[in-house]
Amino acid sequence: MQQARVMRRRAKENGDQAYGTVVVKDGEIVGAAPSRVVTGRDPTAHAEMEAIRDAVRNLKSADLSGCILVSTSRPCPMCETAAYWAGLDGMVHGVRLEEAGRPRYQRC
């Protein structure tokens, strides 16, 4: 969570929304990102989506089984659905490190 907060701080310093996320596998950070919605002019560039993209690049696989998403706030339905499709094993969020369980497919 400490690194997710660093990403959140980076987002705020860059003039973006105050969100940060990391993807962890076997105790190691394999993906990390701040929100880039404002700075990237991309409504899908939530911190969770960007961290998932970073993890996929770093692991060279779209299958993120064995990974946990750690974010500064509860992932929105879009981000949770992306975590589901990436195969993440779980999600943790917020100051209290609340366990959100396995990502679920969010239907519109």
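Y84 sits in helix α3, which spans residues 77-86; helices here are DSSP runs of H or I with at least four residues, strands are runs of E with at least two, and both are numbered from the N terminus. The model is a predicted one, so local features need pLDDT of at least 70 and side-chain atom pairs count only at pLDDT 80 or more, while totals for chains, interfaces and linings use all residues. Residues are numbered from 1 along each chain as its sequence is written, and side-chain values use heavy atoms, with hydrogens and water left out.

At 36% relative accessibility, Y84 comes out as partly exposed, a label for anything between buried (under 20% relative accessible area) and exposed (over 50%), using a 1.4 Å probe and protein chains only. Together with W85 and Y105, Y84 makes up a nonpolar patch on the surface, with about 360 Å² of accessible area for the three. Areas come from the Shrake-Rupley method with a 1.4 Å probe, and for residues only the protein chains shown count as cover. Patch members need over 30% relative accessible area and no salt bridge; nonpolar side chains (Val, Leu, Ile, Met, Phe, Trp, Tyr) are joined within 5 Å, and like charges within 9 Å.

On to the charged pairs. Side chains of opposite charge can pair when their charged atoms come close. Searching the whole structure turns up 5 salt bridges, each being a side-chain nitrogen of Lys or Arg within 4 Å of a carboxyl oxygen of Asp or Glu. One of them joins R36 to E50, at 2.9 Å from N to O. R36 belongs to the loop between β2 and α2 and E50 to helix α2, so this pair ties together parts that are 14 residues apart in sequence. R36 is partly exposed at 32%, whereas E50 is buried, with a relative accessible area of 12%.

Another bridge pairs E80 with R74, their closest N and O atoms lying 3.3 Å apart.

Finally, R41 is part of the loop running between β2 (28-34) and α2 (47-59). R41 is exposed, with a relative accessible area of 77%, and its C-alpha atom is 18 Å from that of I52, 11 residues apart along the chain.
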